[in-house]
Amino acid sequence: MTKISKFLIFITLIFLAASVERAIEAWRLRSDKGKSNSNPIAQKRSAVVERETIDIADVTWKTPKTVPHGENWTFDLFTSPTIVREGTEFKATLPWLKKSQSTINFEVVKVDKKIYPLQFSGYFNRPTVDGQTDPSICFMLGDAQTHESLQVQSGQIIKRHNVEILSFTEKGPDGTVQGYPQLKIMDRNINREIILTPEKKYYDQLFDIRLRSKIDEKEISISSIGEEFSIGDDQYVLKKIDEEKKTLDFSQKVGKDYCNFSLEFATKNLSPTAKTT
């Protein structure tokens, strides 16, 4: 047998062995496929039963990581920083560095309309002396600060309060008595004419507002919108008094920006007859 014949026989045996191996592998795949599809319903039921036997209590939950900035720390990804120019430089205030209402270091103690220092108590004609009648009328005023009673006449100046008595009207033009009698005075401290009636008189735009510092428990008194005050290193401004919502609106300066917030006050602290003008 020649060398060429031996080589051809060897190559033939190799191809024959490969063919047999492929045939066996194909038969095995067909056999496994038939077994896996023999009862799909049973497999599905077993899968459902296996899912129903899972107990959530057996699942181990990892303890969440503690935020290094504290539990109330948040990060604002949507509010752009406020950029201002200072001379030749630009400075940016990041929104998450601004103080919120949770950092406000004072609370509202009391909100009342500021009572006017003089209250109209009544009037009377001067008594007859030696048969002579004095047509002038005397007016009784109550001093809200000292709780004293004052007897005054038209044209008189009350130096203590820098107030002049101007005129008196007992009834309205058509004889109405509601809202009368009226005593008109000139308050030189605010350069305004004031009408006093038997009803309690309050300032139109002044309040008796008392705040308490959470730092040292000291009280702060303010009386008007736009008034500034400070607690520690923080500066605040009273921006608005909303009597309907029972809120005080404040503004706090943080860098070059302002942080606005509102604080509620109790309804009983505000006189129901008082109205802001």
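User: Is D208 buried, partly exposed or exposed?

Analyst: The model is predicted: local features need pLDDT of at least 70, side-chain atom pairs count only at pLDDT 80 or more, and totals for chains, interfaces and linings use all residues. Residues are numbered from 1 along each chain as its sequence is written, and side-chain values use heavy atoms, with hydrogens and water left out. Buried means under 20% relative accessible area, exposed over 50%, and partly exposed in between (1.4 Å probe, protein chains only). Because D208 has 22% relative accessibility, D208 counts as partly exposed.

User: Which residues does D208 touch, not counting residues up to four places away in sequence?

Analyst: D208 is found in strand β11; strands (E, at least two residues) are DSSP runs, numbered from the N terminus. Contact means heavy atoms within 4.5 Å. With residues up to four places away in sequence not counted, D208 touches K110, V111, D112, K113, K114 and I222.

User: What distance separates the C-alpha atoms of D208 and S224?

Analyst: D208 and S224 lie 16 residues apart along the chain. Their C-alpha atoms are separated by 8.5 Å.

User: Which residue of β15 stands opposite D242?

Analyst: Strand β14 (residues 234-242) pairs with strand β15 (residues 247-254) in the antiparallel sense, over 6 bridges. Opposite D242 stands T247.

User: How many residues does the largest nonpolar core have?

Analyst: A nonpolar core is a set of buried Ala, Val, Leu, Ile, Met, Phe, Trp, Tyr and Cys residues joined through side-chain atoms within 4.5 Å. In the largest one, F106, I209, L211, I222, F229, L248 and F250 have the most contacts inside the core. Strands that each supply at least two of its residues include β3 (106-115), β11 (202-213) and β12 (219-222).

User: How many disulfides does the count come to?

Analyst: A disulfide is a pair of cysteine sulfur atoms within 2.5 Å. C138 is buried, with a relative accessible area of 1%, and C259 counts as buried at 12% relative accessibility. By the distance rule, the count of disulfides comes to 0.

Conventions. Pairing = 2+ DSSP bridges. Helix = DSSP H or I, 4+ residues; strand = E, 2+ residues; numbered from the N terminus.
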